[in-house]
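Subject: Handover of a structure and notes on its contents

Dear colleague,

Please find below the structure that I am handing over to you.

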Amino acid sequence: MKFVGESYNKVDAEALSKGNPLFTDDIKIDNMLHAKILWSPLPHAIIKEIDTSEAEKLKGVKCILTYKNTPRIKFTTAGQGYPEPSPYDTSVFNKKVRYVGDRVAAVAGESLEVVEKALSLIKVEYEELPAVFDPEEALMGKVVIHDEPDSTGIDDPEHNLITHIEATAGDIEKAFKEADIVVESSFQTQYSHHTPIEPHITITYMDEYDRLVVRTSTQVPFHIRRMVSIITGMPESRIRVIKPRIGGGFGVKQELILEDIAALMTLRTNRPVRIEFNRREEFISSRTRHPMKIDIKIGAKRDGRFTAIQMKALSNTGAYGTHAKTVLFNVGSKTLPLYNKVSAVRFTGDVVYTNLPVGGAYRGYGATQGYAALESTVDIVAERLGIDPIEIRKINHIKENETSPIFEALGEGKKGVQQVVKSCKLPWCIEKGAEAIGWKEKYGKHNGRGVGMAILMQGSGIPLIDMGAATIRMNDDGTFMLLVGATDIGTGSDTILAQIAGETMGVSPERIYVYSSDTDLTPFDVGAYASSTTYVSGSAVKRAAENMKKAILKEAGKLMEIESDKLRIENDRVVANDNSKSMTLNELGKVITYTKNQKQLEASASFVGSESPPPFAAHFVEVEVNRDTGFVKVVKYVAAIDCGTPINPELVKGQTIGAIANGIGYALFEEYRFNKRGKMTNADLLNYNIMSAADMPDIEVFIAESYEPTGPFGAKSIAEVNINGPTPAIANAIRDAVGISLHRSPFTPERVLRALKGIER
Amino acid sequence: MAGAGTVIQAQGVDIMKVKMTINGEKKVFEIEASEKLADTLRRYGYTEVKIGCRSGDCGSCTVLFNGKPIRSCLKFTAQAEGAYIETVKALNKDGIHPLQKAFIEAGAVQCGFCTPGMLLTAKALLDFKKKPTEGEIKEALKGNLCRCTGYKQQVDAIMKVVNNK
């Protein structure tokens, strides 16, 4: 392969490094209104009266939205395939508010100052309702959060229960009886935030033909177009969604957050409207990672073989159920197939509402929480049996050409698809990682310094549901436009898609200009989520490029008077296989555009996966634990990964290291703190810490030689899998260092110290 | 207010004129007294100055103020009277800057939102110290948050520039 497997610089890197005006907010629009939202100060209340008359009188106020003057349509804000597997429990505004930070009203005006003044003049009379913050308590149903009859997709609203899942393969009772030991454990994870450096921002305006343009920081432009159409009543054909460069997403922009409000305001005022979140709003009122409590039970034989695994998850989705079901399914579906040698496996789960901020999609999507529980418990089993953590995983993990009944039992809010794992280089990953961390020399010393590990998998797109499409057009100079709905949010997908197109056609990627994610101009793609772009959109690009190559050879064959199957494309020329004749793509472009057999060469294709091949990873970490302070220092981190063919190794490493950095922060300190009334008390970057350059350990990444036969040029995904490793690997390393089991993340000095003193489990 | 410029009254709001040099060009900005430098710069088209938090924590709005990196979201524009301000565009006077090239090649630019601020912090570091250690680079960058990369790429890029000097 010539262009695939090479570390091309990102196609947008130079423009970004120069600070060119590429982001949503970097355009100047005349006559623009500014908008802000009034947030609920109460965790649960009915709006008895809302009086906007004083605010309306203020000079410069142009539009005020409340539940009284906005459409009463129930929808989900989740950017998912349609119809979405998330409950329709949200409206633009509601008479009932369900968490501190819920929408109450929004104002658009000539300046931010006037808007802020107007917000302070809106009088709201609330009837406060009892609130519930604990998911177990919520299940008792003393407080009912979603009691409106027009909400749908909630299995048991009276107990705040969105759904209960049970999936069992094999005879679980019998399988636990086969075991020599049974280990039961639990793990609790916390509220945390994606923290893209660019907060959410949306600018809407009417174009010259009175069509609505939505310029927005989103991962899902086509889903946004559909949702804005449903909410505003404006046909999709009259809405254009443009995704410029995006300042990070990580799942929090797989969501309708501001677009509905801005669109309604523009339609009502016929003025451009700009609305953005400040950092505080970003924390409280965007979306979070679902906190969970996971109970886990593993049965094992003395020789280390697992006989049964049972996992029970309780997920807290907060006030609304966006992504609630699917994240819960993924807790099991992305973790349990990893240990497929068991006689039986069982997953049960509940996802419930509380009066806290809203859970959503977050890189890892439930697998992160699942692995925290599963992989920290595997080490307890290993310790009980006196087997090395590496050895016990080698005995039990899934191998190439094997399957798991879980693939079929658990999908996206419904059954999944049966699949056989065709590429799995976990054995290599484990060996390589163990060697790099120095496992043999370091493990089992219990001297305040310890090593830990975890193995992981994820998926590559959502099979039979998510579709991506691509169009390639040849220009008259023999260069190409590659139009994709695929949504580059900083990942480098535009770059790797150009490499895939180039490799397929035999054309250097520098000749392929990628334009992505503009619903007027590019074909459909579900967007950037579920680790799908390389596999799903990449396969669509490969098909489109194959069609384009055929078209080029056909037209060149006519001009060169050679049969097209006797031609090839090489070094940006069409060459006869016997090398007797050739023409440059530029010559071909000129001729077929202007002089002979004139036509526009264009090819399109789409792709839907019939399976979702998992990428795999083995993570190793070395930590130092200070017994006096409880402070955990990550000294070194090693990730060995199998993503199939790395289309662009540098970008694969970028995805890997970035996910690990986020994962270490989640493991060690990232956590929402709430007061007794459900209000987040650390909603800024000073008090909600994310990793800084000074916090980063020495980090090494190894990429396995692997080939996924169903993927484009052998590729699978890489985006998410590596965020799942740090929590269990660090927990296991802490156990190795000081002999304590941690069952709750993050592993703050306080929590570690309490565990060392035996106060907290 | 130290260094404040001319004050004129318009529509009941204090409008001030503030002079400064931006990327080598002399500029006069009309501002309200309370305006922050990041907002003034963006309003006058210097959109390479990014705003991520408005509380001085993320570093995206970093500019060089008389050669030193500052958070322009915390600085009142009025305090910049007579100052020499550099945004990332100052690096492109003679084509692509070695730091930019190194960032691009090391994979230090993912979403790119933190990049302008990070590059300016790096430039200021290398102006101040020709051969910083890896630890000093990490320490210098710790006020510039990035959620995409994990920082290794930026540190590697800066080390490369240091070693090529």
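The notes below go through the domains, the contact between the chains, and some individual elements. Please bear in mind that this is a predicted model.

**Domains of chain A**

Chain A is divided into domain 1 (31-129 + 200-276), domain 2 (292-462 + 611-756) and domain 3 (467-608). Between the C-alpha centres of domain 2 of chain A and domain 3 of chain A there is a distance of 38 Å. To their contact, domain 2 of chain A gives 19 residues and domain 3 of chain A gives 17 residues. On the side of domain 2 of chain A that touches domain 3 of chain A, there are eight nonpolar, nine polar and two charged residues.

**A residue in strand 1 of chain A**

A:L33 belongs to strand 1 (residues 33-39) of chain A. Is A:L33 buried or exposed? A:L33 is buried, because 27 other C-beta atoms lie within 10 Å, and a residue counts as buried at 20 or more. Leaving aside residues up to four places away in sequence, A:L33 touches A:K62, A:A108, A:G109, A:E110, A:M265, A:T269, A:R271, A:P272 and A:V273. A:T269 is 236 residues apart from A:L33 along the chain, yet their C-alpha atoms are separated by 9.2 Å.

An open sheet of five strands is found in chain A, with the order 7-15-14-13-8 and mixed pairing. Strand 7 and strand 8 (181-188) of chain A are its edge strands, and each pairs on one side only. From one strand to the next, the twist averages 5°. Strand 8 of chain A and strand 13 of chain A run antiparallel and are joined by eight bridges. Within this pair, A:S186 has A:D295 in strand 13 of chain A as its bridge partner.

Helix 9 (residues 324-333) of chain A is mostly covered, with 10 of its 10 residues buried. Among these buried residues are A:V327, A:L328, A:F329 and A:V331, and also A:K325 and A:N330. The cover over the buried residues of helix 9 of chain A includes strand 7 (161-169), strand 13 (292-300), strand 14 (306-318) and strand 15 (344-353) of chain A. Helix 10 (367-385) and helix 12 (405-409) of chain A are also included in that cover.

**Two helices that meet**

Two packed helices are described by the angle between their axes and the distance between the axes. For helix 10 of chain A and helix 11 (residues 389-396) of chain A, the axes come within 9 Å and cross at roughly 110°. Angles of 65 to 115 degrees count as roughly perpendicular, and helix 10 of chain A and helix 11 of chain A are therefore roughly perpendicular to each other. In this contact, A:V378, A:D379, A:V381 and A:A382 of helix 10 of chain A meet A:P389, A:I392 and A:R393 of helix 11 of chain A. By class, the contact has five nonpolar, no polar and two charged residues.

**Contact between the chains**

How many residues does each chain give to the contact between chain A and chain B? Chain A gives 45 residues and chain B gives 42 residues. On the side of chain A that touches chain B, the elements that give two or more residues are helix 1 (13-17) and helix 18 (649-668) of chain A. Helix 18 of chain A supplies the largest share of that side, nine residues. The classes on the side of chain A are 21 nonpolar, 13 polar and 11 charged residues.

**Domains and a hairpin in chain B**

Chain B is divided into domain 1 (6-89) and domain 2 (96-164). Their centres, taken over C-alpha atoms, are separated by 24 Å. The contact takes 16 residues from domain 1 of chain B and 12 residues from domain 2 of chain B. Strand 4 (62-65) and strand 5 (68-71) of chain B each supply at least two residues of the side of domain 1 that touches domain 2. The largest share of that side, three residues, comes from strand 4 of chain B.

Strand 4 and strand 5 of chain B form a hairpin with two residues between them, and B:N66 in the turn has a positive phi of about 50°. These strands run antiparallel and are joined by four bridges, with B:L64 opposite B:P69. Strand 4 of chain B also pairs with strand 6 (residues 84-86) of chain B in the antiparallel sense, over two bridges, and here B:F65 stands opposite B:I85. Both faces of strand 4 of chain B are covered, with B:T62 and B:L64 buried on one side and B:V63 and B:F65 buried on the other.

Yours sincerely

Technical notes:
Residues are numbered from 1 along each chain as its sequence is written. Chains are lettered from A and ligands numbered from 1 in the order in which they are written. This is a predicted model: local features need pLDDT of at least 70, side-chain atom pairs count only at pLDDT 80 or more; totals for chains, interfaces and linings use all residues. Domain bounds come from an automatic or database domain assignment. Two residues are in contact if their C-beta atoms, placed from the backbone, lie within 7 Å. Ala, Val, Leu, Ile, Met, Phe, Trp, Tyr, Cys and Pro count as nonpolar, Asp, Glu, Lys and Arg as charged, and the others, Gly among them, as polar. A residue is buried if 20 or more other C-beta atoms lie within 10 Å of its own, exposed if 12 or fewer, and partly exposed in between; C-beta atoms are placed from the backbone. Two strands pair if DSSP finds at least two bridges between them. Axes are lines fitted to C-alpha atoms, for helices over the stretch in contact, and angles run from 0 to 180 degrees between N-to-C directions. Angles under 35 degrees count as roughly parallel, over 145 as roughly antiparallel, 65 to 115 as roughly perpendicular and the rest as oblique.
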